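Subject: Structure for you to look at

Hello,

Here is the structure I said I would pass on. Please open it next to this message and follow along.

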Amino acid sequence: MKYLTGLSSYQGSRRTAITFGKFDGIHKGHQKLVGEVQFLGRVTDIDSIICAFDMTPFWKSRQMEKPTIMTPGERRRFLKGKADYLLECPFTREFSSILPEEFIRRYIRDLFHARYVVVGEDFRFGCDKKGDIAMLKAFEKECGYELHAIAKERFGDREISSTYIKECIREGRADLAREMLGYGYGMTGTVIAGNRLGRSIGFPTLNLEWQREKVLPRKGVYFGRTRIDGVWYQSISNLGTKPTVETGDRLLLESHLLGFQGDVYGKCVTTELFSFHREEKKFASIEALKEQILSDVEEAVRFFEEEREEKE
């Protein structure tokens with residue numbers, strides 16, 4: 001897969017299958033779009049392209065912050081090998097003012113030489129979001145592509161959307177977010193040094209500093225998993241400020257891995273949150289904290305055992 005930034009960086013000349021979207025967290029709906037583009041590219045021997053709109057410049061121009069489910073780096077890692085190109089397009093004021101007809105002719109036809117355009121049925125584009133599926137359909141013959149409008153994925157009685165997933169994450173409903181994403185929400189980052197208290201009481205942890213640009217989950221203890229050097233380990237994670245032993249407000253994702261021993265300082269790891277277990281709290285003593293962690297580990301073992309049994 002080739003990673004490109006900005007539409008002008010694309011210089012391909014072959015026909016393509018292309019999908020457009022924000023791709024803010026690759027949930028199950030996004031995965032359908034990616035899968036369709038990948039399939040069409042493979043069976044017709046054309047290039048497959050995922051064009052992800054980076055909304056950061058747009059929100060900054062309005063002095064707004066919109067936390068994301070995935071950082072660009074996490075998105076690149078997740079989509080590796082799933083298309084020929086991942087094109088990240090900064091969504092600037094200038095780009096947002098393009099007329100939808102111009103977007104179709106200048107980009108879909110002339111730049112990408114699209115044979116297939118794959119988008120969600122609610123896809124909107126161009127100035128004031130005036131472009132829609134009906135317009136894309138109307139331009140099929142003139143611009144020589146075939147439109148594939150993909151129906152929205154649903155979870156229960158609601159459509160799967162990044163907005164709904166963010167709502168679940170903030171409320172600590174990690175299990176529901178996981179159902180809609182198809183993986184556990186979490187973070188990829190470099191392990192930083194802590195105060196080594198966990199190691200001294202028999203529960204070593206790895207620490208990640210929470211990234212400000214990501215949606216902040218409800219603070220507390222979660223069951224999940226952590227990947228180190230390509231291997232997943234069951235883990236118990238605390239998202240918070242460690243009030244029993246710290247006095248600052250630095251937000252850390254601190255994880256104890258079941259069945260793992262080793263030095264991971266400086267390594268890039270991924271931690272996913274599967275299920276909220278309890279609120280973060282300040283304990284009266286280190287001994288009380290240790291007793292709680294013992295209880296958490298026992299609960300975690302039961303949780304993972306039940307998960308294994310459900311899959312069998």
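Which residue does the side chain of Glu307 meet in a salt bridge? The partner is Arg178, at 2.5 Å from N to O. A salt bridge here is a side-chain nitrogen of Lys or Arg within 4 Å of a carboxyl oxygen of Asp or Glu. Glu307 sits in helix H11 (residues 286–311) and Arg178 in helix H9 (residues 174–181), so the pair links distant parts of the chain, 129 residues apart. Helices (H or I, at least four residues) and strands (E, at least two) are DSSP runs, numbered from the N terminus. Glu307 counts as buried, at 16% relative accessibility. Buried means under 20% relative accessible area, exposed over 50%, and partly exposed in between (1.4 Å probe, protein chains only).

Before going on, note that this is a predicted model, in which local features need pLDDT of at least 70, side-chain atom pairs count only at pLDDT 80 or more, and totals for chains, interfaces and linings use all residues. Residues are numbered from 1 along each chain as its sequence is written, and side-chain values use heavy atoms, with hydrogens and water left out.

Other salt bridges

Side chains of opposite charge can pair when their charged atoms come close. By the rule above, the count comes to 24 salt bridges. One of them joins Asp24 to Lys166, with the closest N and O atoms 2.8 Å apart. Because Asp24 lies in the loop between S2 and helix H1 (28–44) while Lys166 belongs to helix H8 (residues 162–170), this pair ties together parts that are 142 residues apart in sequence. Asp24 is buried at 13% relative accessibility, and Lys166 is buried at 15%.

Arg173 and Glu167 also form a salt bridge, their closest N and O atoms being 3.2 Å apart. Here Arg173 is partly exposed at 26%, and Glu167 is partly exposed at 29%. Elsewhere, Arg105, Arg109, Asp110 and Glu142 are linked in a network of salt bridges.

Helix H5

In helix H5 (residues 100–111), the buried residues are Pro100, Phe103, Ile104, Tyr107, Ile108 and Leu111. Why do they line one face of the helix? Seen down the axis of H5, they fall within an arc of 150°, the arc being that of the directions from the helix axis to the C-beta atoms. An α-helix has 3.6 residues a turn, so residues three or four places apart point the same way. The cover over the buried residues of H5 includes strand S2 (16–21), strand S3 (47–54) and helix H6 (133–138). After H5 comes His113, with a positive phi near 50°.

Strand S4

Strand S4 (residues 85–90) has five of its six residues buried, so it is largely enclosed by the rest of the structure. Strand S1 (residues 2–5) runs parallel to S4 and is joined to it by four bridges; two strands pair if DSSP finds at least two bridges between them. Leu4 stands opposite Leu87 in S4. S3 also runs parallel to S4, with six bridges between them, and Ile49 stands opposite Tyr85 in S4.

Nonpolar cores

A nonpolar core is a set of buried Ala, Val, Leu, Ile, Met, Phe, Trp, Tyr and Cys residues joined through side-chain atoms within 4.5 Å. The largest has 46 residues, and Ile165 and Leu206 have the most contacts inside it. Apart from it lies another core of 34 residues, among them Ile98, Phe103, Phe123 and Tyr145.

Regards

Technical notes
Contact means heavy atoms within 4.5 Å.
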